[in-house]
Amino acid sequence: MMRPVWSGAISFGLVTIPIKIISATEDHSISFRQIHLKDGGRVRYRKTCELDGKELSQDEIGKGYELSKDTLIAVTDEDLQNMPLPTAKAIEIVAFVPAESIDPVRLSDTSYFMSPDGQVASKPYKLLQQALARASKVAVAKFAWHGRERLGLLRVKDGVIILHSMRWPDEVRDPSELAPQPVEIGDSEVDGAVALIEAMATEDLTGFHDEYHTALEEVIHAKAEGHRVERPEAEEEPAGQVVDLMAALNASVEQARASRGESDEDATVHQMPKPKKAAKKATAAKKTTAKKAPARKPRKAG
């Protein structure tokens, strides 16, 4: 059963919706411990005070802000809880925007399901859910969590309101300096790339899985049984040679279709025909040449 990680309320104008927040994702990664390579013993960290060298328990440790090199200001949990923030106890909706206006870079890697907390919350929760769906909008909200105020995105999926943590505008870097140098791209090359995109298109991602996780489990089980997993021979990587772009696109399209069990017919990307302007120029050039050519004199009858 999914357990809530936070309880509070959504502030929607003058409407308050009591909610519970449940993590929307699970972490299946394999974690490691640090060990002493010589004897395999666990390596543990001990938290000690710089002044008296005493090892401290967790309840003896608090937060401090480094005001200067030699000055630390203690900040207690009570200080943080009593901050004059309207978002300290609620998720405050501050705006509604089209979903496509949100740059995915702004979204962080944390998402949560929001569930109505009690029968009294069901109606206003359903109201917000249906209003978002009908308006084709998402909500931008502010909330305080884990020692800081955050920006969030509320959207509806399968009848449930989902909260995505967002980055503040000043936390996203400007990528303009990373843009590639100007280059010429032909229409046939773009068509080839589009054909590859179509060949690889899918709406179902359930077939993908973490191959690194599976391989790592094999390594761990093999070592537990006293033997090692041999690494398969990898294909030689291309040494950065210049390739024929159209040929690479054609081969990629055929490979993508073959992996799906589709026919290779019509998989080839053909060069685009000459533009009409170029064809007109060629026709005009032929006419000009014909005009300049001297006419032959008719032969006299013998």
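I am working with a predicted model, where local features need pLDDT of at least 70, side-chain atom pairs count only at pLDDT 80 or more, and totals for chains, interfaces and linings use all residues. Residues are numbered from 1 along each chain as its sequence is written, and side-chain values use heavy atoms, with hydrogens and water left out.

**Barrel.** I traced a closed barrel of 7 strands in the order β1-β2-β6-β9-β8-β7-β5, with mixed pairing. Strands (E, at least two residues) and helices (H or I, at least four) are DSSP runs, numbered from the N terminus. Two strands pair if DSSP finds at least two bridges between them. β1 and β5 run parallel, joined by 2 bridges. I10 has I91 of β5 as its bridge partner.

**Core.** I then looked up the largest nonpolar core, which has 20 residues. Such a core is a set of buried (under 20% relative accessible area, 1.4 Å probe, protein chains only) Ala, Val, Leu, Ile, Met, Phe, Trp, Tyr and Cys residues joined through side-chain atoms within 4.5 Å. β7 gives the largest share, 4 residues. I10 and I91 are among those with the most contacts inside this core.

**Helix α4.** Which residues of α4 are buried? I found H213, L216 and A222. I checked the length too: at 1.5 Å a residue, the 14 residues (211–224) should span 20 Å, and the end C-alpha atoms are 20 Å apart, which agrees. The expected span is 1.5 Å times one less than the number of residues. Just after α4, G226 takes a positive phi of about 95 degrees.

Note on methods. Buried means under 20% relative accessible area, exposed over 50%, partly exposed in between (1.4 Å probe, protein chains only).
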